[in-house]
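Here is a walk through one structure, taken a piece at a time. Have a look at the sequence and the 3D view first, then read on.

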Amino acid sequence: MTPPVLPHGARKLKVATVSLAGCFGCHMSFLDIDERLLELIEHIEFDRSPLTDIKEVGHCDIGLIEGGLCNAENVLVLREFRAHCKTLVAVGACAITGGLPAQRNHLDLGGLLTDVYRSRPSVNGPLHARGVVPPGGISPLGAARRGLSAGSSIPNDPELPLILNKVHPIHEVVHVDYFLPGCPPSADAFWSFLNDLMAGRTPHLGHGLMHYD
Amino acid sequence: MTPDLPKPEGASPSFSLDGEDVPFTPGETLLQAATRAGHYIPHLCWHPEFSAHGSCRVCSVTVNGRPGAACTVHASPGLEVQSNTEELNGHRKTLLQMLFVEGNHFCPSCEKSGNCRLQATAYQMGMEGPHFEEFYPDRPVDASHPDILLDFNRCILCELCVKASRDVDGKNVFAMGGRSLGTHLLVNSESGQLVDTPMALEDRAMDVCPVGVILPKRRGFVIPIGQRHYDEKPVSQWVEEGKE
């Protein structure tokens with residue numbers, strides 16, 4: 001059956017993508033669809049994305065979100081995406097559950113920053129607080145940080161986004177339409193998922209494409 | 001089918017599971033009979049070698065129109081059981097999502113990934129996301145034992161290790177403590193540490209855990225991706241082939 005001829009041709013779907021508290025691995029896995037990207041680009045055009053130079057997200061059909069929420073800027077960007085995208089997709093383990101970055105959730109944030117940015121390990125730092133290091137002892141992490149110059153401190157310029165007390169998955173802040181699991185989702189999972197979405201089907205990942213790891 | 005006719009001599013009684021006849025031996029539960037006959041009813045806390053526990057509820061079915069756990073309902077002739085329906089699988093997905101948010105199931109860094117029954121069952125039920133808010137529990141790891149590691153944040157309270165250690169190993173290493181949301185797996189030693197128990201790598205309790213709580217040290221990530229148990233085929237297929 002020949003498709004109906006549209007007077008102006010079929011409109012390409014607008015797709016925006018972003019990495020919040022992500023590692024860019026989901027974007028890399030997306031690019032792993034390789035030469036199928038050329039076929040994809042016949043049907044979609046990218047709006048704001050790390051792959052384009054567009055600074056603000058415009059009205060889009062699909063928003064692909066990689067990464068969880070770890071700082072204030074992540075939350076602002078996520079809300080912008082939700083407001084502009086008809087369909088919002090949580091891509092990868094971080095966006096879906098917080099992912100491995102959420103393993104910091106049981107540590108004290110102040111202690112973590114102190115351990116990383118100050119040359120002396122803090123006595124109240126997370127390693128001390130959890131009894132990993134005896135009181136007064138030097139934490140292994142703190143010792144490794146001796147390479148920092150004297151007087152280094154936790155960055156406090158207002159230009160920098162404040163870090164959230166805990167890492168959160170994105171569905172705890174905005175409504176999410178679909179989840180594409182994996183760390184990262186495989187290229188074939190991206191391909192199958194996007195083809196389903198573009199065809200107006202509810203995406204379905206069968207055995208082999210459905211992975212959390 | 002005419003229910004009034006007596007069964008021919010020697011034929012085993014049967015019940016109906018999703019419209020198919022499943023033979024059973026008197027005394028068997030629905031789940032035992034179904035699994036033996038190669039029918040997959042999703043389950044986590046049931047293991048063929050141990051008594052039913054009934055905590056995970058993933059095997060919930062409809063028996064003659066009423067809900068029941070397939071692991072505890074005894075088979076009887078002529079029962080009409082529904083298991084593989086959209087509604088029941090939807091309930092199962094919700095139960096799995098509850099288990100996932102209750103623990104720290106960070107599969108990408110878990111040594112059990114690919115060999116984990118919880119994960120495989122979630123794949124089977126098409127669980128794409130967690131739906132509920134994450135709990136992010138903070139139960140310290142027990143790394144006191146020279147050969148064995150315990151990560152309590154992955155425990156789904158199935159009690160299989162408790163039974164295996166008590167009934168098979170005769171060591172009684174594990175127990176359940178606390179109430180309600182505070183319920184947790186604990187180690188039966190005065191210090192509460194695994195090193196102060198007779199637990200050993202050869203114990204049956206080592207490999208009954210359906211998730212990644214009880215792990216041998218220095219042996220993680222030895223199976224290449226693609227060759228792990230549930231990489232090969234989904235959990236339903238293992239059961240249907242009678243190999244699990």
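## A proline in a loop of chain A

Start with A:Pro184, which sits in the loop between β7 (178–180) and α8 (187–198) of chain A. The peptide bond that links A:Cys183 to A:Pro184 is cis, with omega at about -5°. Keep in mind that this is a predicted model.

## A buried threonine in chain A

Now go to strand β1 of chain A, residues 13–19, where you'll find A:Thr17. Is A:Thr17 buried or exposed? A:Thr17 is buried: its relative accessible area is 2%, and the cut-off for buried is under 20%.

The side chain of A:Thr17 makes a polar contact of 2.7 Å with the side chain of A:His27. If you skip neighbours within four places in sequence, the contacts of A:Thr17 are A:His27, A:Phe46, A:Arg48, A:Ser49, A:Pro50, A:Leu64 and A:Phe81.

## Chain B as a whole

Over to chain B, which has 6 helices and 9 strands. Its radius of gyration is 19 Å, close to the 18 Å that the globule rule gives for 244 residues, so chain B is as compact as a globular protein of that length. The C-alpha trace of chain B spans about 65 × 40 × 40 Å along its principal axes.

Of the 244 residues in chain B, 49% are buried. Take the contacts in chain B between residues at least 6 apart in sequence, and 62% of them join residues at least 24 apart. The accessible surface of chain B is about 11900 Å², with 51% of it belonging to carbon and sulfur atoms.

## Two hairpins in chain B

One hairpin is made by β3(B) and β4(B), with 2 residues between the strands. Strand β3 covers residues 60–63 and strand β4 covers residues 66–69; they pair in the antiparallel sense over 4 bridges. Look for B:Val63, which stands opposite B:Arg66 in β4(B). In the turn, B:Asn64 has a positive phi of about 45°.

Another hairpin is built from β7(B) and β8(B), this one with 6 residues between the strands. Here B:Gly178 in the turn has a positive phi of about 80°. Strand β7 (residues 174–177) runs antiparallel to β8(B), and 4 bridges join them. B:Ala175 is found opposite B:Leu186 in β8(B).

Strand β8 of chain B, residues 184–187, has two faces to compare: B:Leu185 and B:Val187 are on the covered face, while B:His184 and B:Leu186 are on the uncovered one.

## A helix tucked inside chain B

How many of the 8 residues of helix α3 of chain B are buried? It's 7 of the 8 in this helix (residues 117–124), so α3(B) is largely enclosed by the rest of the structure. The buried ones are B:Arg117, B:Leu118, B:Gln119, B:Ala120, B:Thr121, B:Ala122 and B:Tyr123.

What do these buried residues of α3(B) pack against? Their partners are α2 (86–102), α5 (229–232) and α6 (235–240) of chain B. After α3(B) comes B:Gly126, with a positive phi near 70°.

B:Leu157 isn't a glycine, yet its phi is positive, at about 60°. You'll find B:Leu157 in the loop between β6 (148–150) and α4 (160–168) of chain B. B:Leu157 is partly exposed, with a relative accessible area of 22%.

B:Phe221 is another residue other than glycine with a positive phi, near 60°. Its place is the loop between β9 (214–216) and α5 of chain B. With a relative accessible area of 59%, B:Phe221 is exposed.

B:Cys71 is buried, with a relative accessible area of 3%.

B:Cys116 is in no disulfide either: the nearest cysteine sulfur belongs to B:Cys110 and is 6.4 Å away. B:Cys116 also counts as buried, at 9% relative accessibility.

Technical notes
Residues are numbered from 1 along each chain as its sequence is written. Chains are lettered from A and ligands numbered from 1 in the order in which they are written. Side-chain values use heavy atoms; hydrogens and water are left out. Two strands pair if DSSP finds at least two bridges between them. Buried means under 20% relative accessible area, exposed over 50%, partly exposed in between (1.4 Å probe, protein chains only). Contact means heavy atoms within 4.5 Å. A disulfide is a pair of cysteine sulfur atoms within 2.5 Å. The radius of gyration is taken over C-alpha atoms; the globule rule is 2.2 Å times the number of residues to the power 0.38. Accessible areas come from the Shrake-Rupley method with a 1.4 Å probe; for residues, only the protein chains shown count as cover. A polar contact is a pair of N or O atoms within 3.5 Å; within protein, one must be able to donate a hydrogen and the other to accept it, and residues adjacent in sequence count only if both atoms are side-chain atoms.
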